[in-house]
Amino acid sequence: MTPSPRIAIVTTSDTDVFQQTVIAGARPVLTAAGCTVRVDVVPYGTAWYEPNGADALLVIADVLPDLALEAMLMLGVRLVLVGHHVPTLPIPAVTCSNTAGMTQLLQHVVETCGRRRLVYLRGLPGQQDAVEREHALLDTVLRCNLPAPVLLRGDFQPETAAESLAAYCDTAGAALPFDAAIGADYLMAAAALNVLINRGIRVPEHVAVAGFGDGEMAALAQITTVSINVREQGQRAARLLLAQWHGAAITGRTLLNTTLVVRATT
Amino acid sequence: MIKATHESLKRHNRQLVLRSLISGQANNRAALAHVTGLAKPTVSDLIAELIAHGYVREIGLGVSTDTGGKRPTLLEFDPAARQVIGVSLEHDCAVGVLADLAGQIQIVHRIDSGGDPLRRLHAVIAALRVQLDAPLLCIGVAVPGHVDGGLIRASSLPTLIGQRLGDALSAAHGAPVVVGSTTEYTAIGQLAFVQVQARHLVMLLVGATVEVGIALVGAAYHNGSDIGSLRFTGQPTAPPLVEALAWPRVLERVRTACAAHPGGLLTPETVTYRRLGHAATSGDAAAQRVIDELAAVLAAVSAWTIALIVPDQVVITGAIAAIGAPLRDAVQRQIAPLLASPLLESVVLTLAEPDDRMAAAGAVAAALRSELGVL
């Protein structure tokens, strides 16, 4: 009888929304296939990970550095990455299409809503999602002949994004030099919305607000976003992992579609 | 002469019925018989088979006819009944899509690496097969070069030349496979999935090679070929198209233009096609000069294409399309002296930025056309 594979889902958190949803998508697929599944919460930036008997790992985001992933490969551990990919390693990954999604969001803000002067709340410098989304923003700016956008520090932290936008508004004075605030994620967009409303700035009449990714907070705050099916990312990652367990040599990156969700802020 | 077999006739009739159902021409058995000209028992048998295989379902009763007859059972095509894999094999990557029978793309899978193109192709198909949500109907594959009757006669990927790729893939993956050139399938993809008004579409792809793809009358005829080795200036010493439009030559042009027009927005170190277009829009003389030089080459190719094929639309795609409106306008300006005006007036020239999924999506459309007669 073929032994049931032991799967470890490696993550920095099993309570944060993104990670929880990936796990909720992956676990049923894995357990239905007879796998034993455990969740290993490790600190961000962990230099080394001990598989402790796991036959295969589903690694969420960039919780493990490239060297640790390479070591797992050399140990013969099967791997799939979710929300991250390492082009130099033959590890299959499942992500959303940052470029297509950000382009979709900006097409709405710029071409449908007619906004031209953008403020952008950046993600974490060097982080893959942040780099790809910002690249798509700058490409759209060139393609649509927009004025250079104002890039503000956000680091995917709502508090940091709020401070940056507030400080910029303070220096800008009464006549706002922007007509749209875009967040590299929807939580920063929500923080931006609060800053603008607290200053009496009418959204969307004076400033449109939009962000990447979707969740309960975006829906409550009525923020326009592009949504990602995070549960599906987990499901598909689980399938790729199972295929590897059964001997298939899987490489490359699976990209899931994003969907524009138009709400009151644009 | 190819004799019609019973099976091929049945296949033809099945495709006829499906096309009529999907296009909305008919939504019940009697109407399908009327529209297709097939006998009612034939239609009923075909529908029974399609229902048994999950392609069609009954969705309730319609209204009676004017003569007050029995209410017809309404039929609906189920695009989720099967899935199709489309793959575009390129020089440095392979891009695959998984789509339903309406051509709606569910996921994209890509492998960005060099190495053996055939290994990349098999790897993409393998990764998509494990993610099927429905049985696999068929596979479409787009390759750079010229494909004739399933045989790859020419390609900038040398290991593909002389291969009957479709036969090998079909044997390996247990599904029918169609293979065509990248530009041909991109043209089909444009017609199938993008809102174009054209019936005759020619696509000019400028990338690692220069290819032309032709789809006429909604792709009843379609073909594609690599024209990169052609020279359009009539001088034997002129560089072939693929060199005249290659990025190193573009950079040379940028350096020369920047030297002639110093102090502008353009810099050779940071230039991209996008920045070239942006600079030209901002009035940069060096950028406009480079664009005019590129447009001269494209105008010559386009003029010959228009004169030979008389298409409704010529689409220029590839990385060069990122230049945008300045390039399109320059090409149109430079075609005008080369063609009789009635011909030129009947053609729309557009640019289409490369969508790395379009060729794979076109491969899906080609596969669906072959298997079900749809799209």
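In the predicted model, the side chains of E49(B) and K10(B) meet in a salt bridge with an N to O distance of 2.9 Å, a salt bridge being a side-chain nitrogen of Lys or Arg within 4 Å of a carboxyl oxygen of Asp or Glu. Because E49(B) lies in helix α3 (residues 40-52) of chain B and K10(B) in helix α1 (residues 6-22) of chain B, the pair ties together parts that are 39 residues apart in sequence; helices (H or I, at least four residues) and strands (E, at least two) are DSSP runs numbered from the N terminus. K10(B) is partly exposed, with a relative accessible area of 29%, where buried means under 20% relative accessible area, exposed over 50%, and partly exposed in between (1.4 Å probe, protein chains only).

Residues are numbered from 1 along each chain as its sequence is written, and chains are lettered from A and ligands numbered from 1 in the order in which they are written. As the model is predicted, local features need pLDDT of at least 70 and side-chain atom pairs count only at pLDDT 80 or more, whereas totals for chains, interfaces and linings use all residues; side-chain values use heavy atoms, with hydrogens and water left out.

By the salt-bridge rule, the count over all chains comes to 29. One of these joins R117(A) to D179(A), with the closest N and O atoms 3.9 Å apart. R117(A) is placed in the loop between α3 (98-112) and β6 of chain A, and D179(A) in the loop between α5 (158-172) and β8 (180-183) of chain A, so that the pair ties together parts 62 residues apart in sequence. R117(A) is partly exposed at a relative accessible area of 38%, whereas D179(A), at 10%, is buried. A further salt bridge links D170(A) and R199(A), whose closest N and O atoms are 2.8 Å apart. Here D170(A) belongs to helix α5 of chain A and R199(A) to the loop between α6 (186-198) and β9 (208-212) of chain A, so the pair ties together parts that are 29 residues apart in sequence. D170(A) is exposed, with a relative accessible area of 52%, and R199(A) is partly exposed, with 36%.

The contact between the two chains, defined by heavy atoms within 4.5 Å, takes 17 residues from chain A and 20 residues from chain B. Chain A and chain B bury about 1,700 Å² between them, 49% of it on carbon and sulfur atoms, buried area being the accessible area (1.4 Å probe) that two parts lose on being put together, summed over both. L142(A), R236(A) and R239(A) supply 29% of the area that chain A buries against chain B, more than any other three residues.

Between chain A and chain B the count is three salt bridges; among them is the one in which the side chains of D133(B) and R236(A) meet at 2.9 Å, N to O. Salt bridges that share partners join E232(A), R236(A), R239(A) and D133(B) into one network. On the side of chain A that touches chain B, α4 (128-143), α8 (230-245) and β11 (253-256) of chain A each supply at least two residues, and the largest share, five residues, comes from α8(A).

Strand pairing also crosses between the chains: β11(A) and strand β5 (residues 105-111) of chain B pair in the antiparallel sense over four bridges, two strands being paired if DSSP finds at least two bridges between them. In β5(B), R110(B) is the bridge partner of R253(A). Six of the seven residues of β5(B) are buried, so this strand is largely enclosed by the rest of the structure. Within chain B, strand β4 (residues 94-100) and β5(B) pair in the antiparallel sense over six bridges, and A99(B) has I105(B) as its bridge partner in β5(B). β4(B) and β5(B) form a hairpin with four residues between them, and G103(B) in the turn has a positive phi of about 80°.
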